[in-house]
Amino acid sequence: VRKAGGNSIMSLSKEGHKALSRQATIEKHLLLALDQKNLNVLYQPQLDIQTGKIIAAEALVRWVDESIGVVSPDELIPIAEETGLIHSIGSFVLEQACQQALAWQKEGIPLKVSINVSIREFRDKNMARSILETLERTKCPADLIQIEITEKFALEAESEGAIMKQMRQLEQEGIVFVLDDFGTGYASFRYMQLLPLKTVKIDATFIRSMMQSEKTEQLVRGMIQLAKSMQLTILAEGVETAEQFDLLKGFGCDLAQGYHICKPTAANAVKNLYYQKA
Ligand code: C2E
Ligand code: CA
Ligand code: CA
Ligand code: CA
């Protein structure tokens with residue numbers, strides 16, 4: 001056992017223990033929360049820039065645990081992916097999204113609802129079937145649901161074929177796919193060619209630095225042109241200011257989402273905003 005300099009080693013391993021025990025605590029409480037359906041979903045409107053109307057809303061998971069407090073998606077989702085609980089979160093959010101989309105449709109409000117799915121989740125051979133089962137069970141028409149595909153990690157080439165097959169199956173049923181975090185993901189251009197996409201979503205980091213950097217501004221303009229030349233709809237996320245919004249509008253960007261339009265909010269507030277913009 002070492003003595004000198006052991007302090008930093010000691011404190012490092014203490015930190016390590018802390019992180020581990022927080023993760024273990026989160027896991028334990030998450031299982032319980034899922035069981036009791038104690039998670040929540042907020043919706044963030046997506047606006048058609050040219051018509052000024054709300055056309056869709058993204059479902060974003062929220063979790064406040066009684067003893068842990070707020071666990072943000074940026075902490076929650078990686079833990080859930082590691083432990084496999086992501087499937088349970090995914091079905092919970094999808095079910096909520098389906099019920100919400102259907103409720104809006106019944107009120108005569110034609111809003112699509114987006115859910116977030118990591119492309120890795122499609123390695124599960126039952127993914128498409130389980131999504132279609134949820135649609136059936138909730139009686140939600142497939143064309144009300146959009147799936148935002150994230151690609152934070154590399155995908156093994158051998159699973160690509162099977163993943164594509166499931167996505168095409170869902171596409172045939174009417175589900176629309178959106179490539180999330182475009183430009184920062186692992187294989188944006190590869191997926192742009194391979195996946196059955198309708199929409200590409202420019203990552204917020206580009207929108208954020210667009211006003212400071214001429215290069216980024218031209219990059220954003222180029223992404224918009226590229227998407228259009230491929231017959232894809234282009235959506236900018238993280239739009240926080242009128243200046244950003246106007247610039248994007250001038251570039252011919254189709255859709256925008258961000259605090260400038262509305263923060264993630266309760267379904268009722270989305271409805272009010274829809275009427276306000278209609
Ligand atoms: P994302 O899909 O890129 O979602 C956008 C994130 O940016 C959301 O954070 C949203 O609340 C936030 N945001 C929206 N507009 C603005 C803006 O104008 N400014 C700033 N600063 N932020 C904005 P959130 O809800 O914390 O989610 C973080 C990430 O966690 C999401 O990134 C998504 O990848 C993941 N996530 C969230 N909910 C789910 C879910 O139900 N399932 C899965 N698999 N992932 C989810
Ligand atoms: Ca998203
Ligand atoms: Ca993003
Ligand atoms: Ca994302």
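Trainee: How far is a polar side-chain atom of E240 from a nitrogen atom of ligand 1?
Mentor: That distance is 2.5 Å. A polar contact is a pair of N or O atoms within 3.5 Å; within protein, one must be able to donate a hydrogen and the other to accept it, and residues adjacent in sequence count only if both atoms are side-chain atoms.

Trainee: Before more numbers, what am I looking at?
Mentor: This is a predicted model, where local features need pLDDT of at least 70, side-chain atom pairs count only at pLDDT 80 or more, and totals for chains, interfaces and linings use all residues. Residues are numbered from 1 along each chain as its sequence is written, chains are lettered from A and ligands numbered from 1 in the order in which they are written, and side-chain values use heavy atoms, with hydrogens and water left out.

Trainee: OK, back to ligand 1. Which residues come nearest?
Mentor: Q44, R62, D180, E240 and Y259, out of 21 residues around ligand 1. Here, near means that one heavy atom of the residue lies within 4 Å of the molecule.

Trainee: What do R62 and Y259 do there?
Mentor: R62 places a polar side-chain atom 2.8 Å from an oxygen atom of ligand 1. Y259 uses a backbone N or O atom, which lies 2.8 Å from an oxygen atom of the ligand.

Trainee: And how much of ligand 1 does the protein cover?
Mentor: It covers 84% of the 800 Å² of accessible area that ligand 1 has on its own. Those areas come from the Shrake-Rupley method with a 1.4 Å probe; for residues, only the protein chains shown count as cover.

Trainee: Which elements supply the shell around ligand 1?
Mentor: β2, α2 (73-83), α3 (86-106) and β6 (176-182) each give at least two residues. The largest share, 4 residues, comes from β2. Helices (H or I, at least four residues) and strands (E, at least two) are DSSP runs, numbered from the N terminus.

Trainee: New topic, the metals. What coordinates the calcium ion that is ligand 2?
Mentor: E58 (OE), N116 (OD1), E148 (OE) and D180 (OD), at 2.2 to 2.3 Å. Donors are N, O and S atoms within 2.8 Å of the metal (3.2 Å for Na, K and Ca); water is not among the atoms, so sites may look incomplete.

Trainee: How are those donors spaced along the chain?
Mentor: The pattern is E-x57-N-x31-E-x31-D. E58 lies in strand β2 (residues 54-65) and N116 in strand β4 (residues 112-118), so this pair ties together parts that are 58 residues apart in sequence.

Trainee: Is E58 buried or exposed?
Mentor: Buried, at 5% relative accessible area. N116 is partly exposed, at 32%. Buried means under 20% relative accessible area, exposed over 50%, and partly exposed in between (1.4 Å probe, protein chains only).

Trainee: What about the calcium ion that is ligand 3?
Mentor: Its donors are D181 (OD), D203 (OD) and E237 (OE), at 2.1 to 2.8 Å. Their spacing is D-x21-D-x33-E. D203 sits in the loop between β7 (199-202) and α7 (204-209), and E237 in the loop between β8 (233-236) and α9, so the two tie together parts 34 residues apart in sequence. D203 is buried at 8%, and E237 is buried at 15%.

Trainee: How far apart are the calcium ions of ligand 3 and ligand 2?
Mentor: They are 5.9 Å apart. The calcium ion of ligand 4 is 4.5 Å from the one of ligand 2.

Trainee: So what holds ligand 4?
Mentor: D181 is listed for both protein donors (OD), 2.4 to 3.0 Å from that calcium ion. D181 is in strand β6. D181 is also buried, at 14%. Its phi is near 55°, a positive value in a residue other than glycine.

Trainee: Where else is phi positive in a residue other than glycine?
Mentor: Q231 is one of them, with phi near 60°. Q231 lies in the loop between α8 (214-229) and β8. Q231 is exposed, at 69%.

Trainee: Last one. What does the side chain of Q146 contact?
Mentor: The side chain of S114, through a polar contact at 2.7 Å. Q146 is in strand β5 (residues 145-150) and is buried at 7%.
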